[in-house]
Amino acid sequence: MATDDKTIADFGEQWTRYVDNSGFYGSTDLLADYIEPLFPVQNLVGLKIGDIGSGSGRIVRMLLEAGAAHVVAVEPSDAFDVLKSNTADRSNDVTLIHGTGDQLKVETPLDLVVSLGVLHHIVDPASTVRAARAALGPGGKMLVWLYGKEGNEAYLAIAEPIRIITKNLPHWALSAICYLADAILRAYIGLCRLFPLPMRGYLQGVYGKLAPDKRRLVIYDQLNPAYAKYYTEAEAIALLEANGFKDVQTHWRHGYSWTVIGDAP
């Protein structure tokens, strides 16, 4: 099985098991944390938006609750049925595409395309970024969130060897590891209150605000996928610039990841 196909299958299994997006995990407050300051959340009001890699519909719901007029949601995995169910009450405001990101096609140009936590799981995301560019009208924007290489050196030294094992584990075994990892991280958060440790801002301001099951899901999301790339800032900028976007800007989110936005000419 090709790496991208394996990653899609992994996420399909993940999002058909974890279907609930309640609480802070699915809030507009967390959406703002992803996209600001590059794109103020209040600017979503009235926009037609594409969401690449919609999973169980978490980002779709966030966008709608922030005031988006319509969302085109693209999801290739078996979680498509979960996405459909989780957005059923807003079906008039959502168009669903069961396909990969490069299959995003619209009749009316979009104002914004977002892909939060998705492109770093695609081996070669260039065609997906080009599809986003083609779906946007003049002056439209693409906004993505990517794992960062900068600030993650210590984490990757530990996590990458672990992922060699965990990405091949059955669900029950990986779930058990997530319970253990969450206990370790909660102890680490306690130390962060006393010392300026790495990722202190993220762990206290985001991870620590999540319900226990959502914290374990965040860990699962890190350890499960077949492929994950950690982008340097230069690579993140080049991904958009090389595929049709200009005036690309970045924000170093919590010192460990990149939010990136570019304009469609």
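Trainee: Which domains is the protein divided into, and how should I read their bounds?

Mentor: Domain bounds come from an automatic or database domain assignment. Here the division gives domain 1, covering 3-149 + 228-264, and domain 2, covering 152-224. Between their C-alpha centres there are 23 Å. Keep in mind that this is a predicted model, where local features need pLDDT of at least 70, side-chain atom pairs count only at pLDDT 80 or more, and totals for chains, interfaces and linings use all residues. Residues are numbered from 1 along each chain as its sequence is written, and side-chain values use heavy atoms, with hydrogens and water left out.

Trainee: How many residues of domain 1 are in contact with domain 2, and what area is buried between them?

Mentor: Contact means heavy atoms within 4.5 Å, and buried area is the accessible area (1.4 Å probe) that two parts lose on being put together, summed over both. In this model, 23 residues of domain 1 are in contact with 23 residues of domain 2. The buried area is about 2,000 Å², with carbon and sulfur atoms giving 56% of it.

Trainee: What about polar links across that interface?

Mentor: A salt bridge is a side-chain nitrogen of Lys or Arg within 4 Å of a carboxyl oxygen of Asp or Glu. A polar contact is a pair of N or O atoms within 3.5 Å; within protein, one must be able to donate a hydrogen and the other to accept it, and residues adjacent in sequence count only if both atoms are side-chain atoms. Between domain 1 and domain 2 the count is 1 salt bridge, and 9 residue pairs are in polar contact, both residues at pLDDT 80 or more.

Trainee: Which helices supply at least two residues each of the side of domain 1 that touches domain 2?

Mentor: Helices (H or I, at least four residues) and strands (E, at least two) are DSSP runs, numbered from the N terminus. Helix 1 (3-17) and helix 2 (28-35) each supply at least two residues of that side. The largest share, 7 residues, comes from helix 1.

Trainee: How many salt bridges are there in the whole structure, and what does Asp33 pair with?

Mentor: The whole structure has 13 salt bridges. Asp33 pairs with Arg253, their closest N and O atoms being 2.6 Å apart. Asp33 lies in helix 2 and Arg253 in strand 6 (residues 246-253), so the pair ties together parts that are 220 residues apart in sequence.

Trainee: How many residues of helix 3 are buried, and what covers them?

Mentor: A general idea for reading any helix: an α-helix has 3.6 residues a turn, so residues three or four places apart point the same way. Helix 3 (residues 58-65) is mostly covered, with 7 of its 8 residues buried. Those residues are Arg58, Ile59, Val60, Arg61, Met62, Leu63 and Leu64. The cover includes helix 2, strand 1 (48-52), strand 2 (70-74), helix 4 (80-86), strand 3 (94-97) and strand 4 (110-116). Following helix 3 is Gly67, whose phi is positive, near 110 degrees.

Trainee: How many disulfides does a search of the whole structure find?

Mentor: A disulfide is a pair of cysteine sulfur atoms within 2.5 Å, and the search finds 0. The sulfur of Cys178 is 19 Å from the closest cysteine sulfur, in Cys192, too far for a bond. Cys178 is buried at 1% relative accessible area, and Cys192 is buried at 0%.

Technical notes. Buried means under 20% relative accessible area, exposed over 50%, partly exposed in between (1.4 Å probe, protein chains only).
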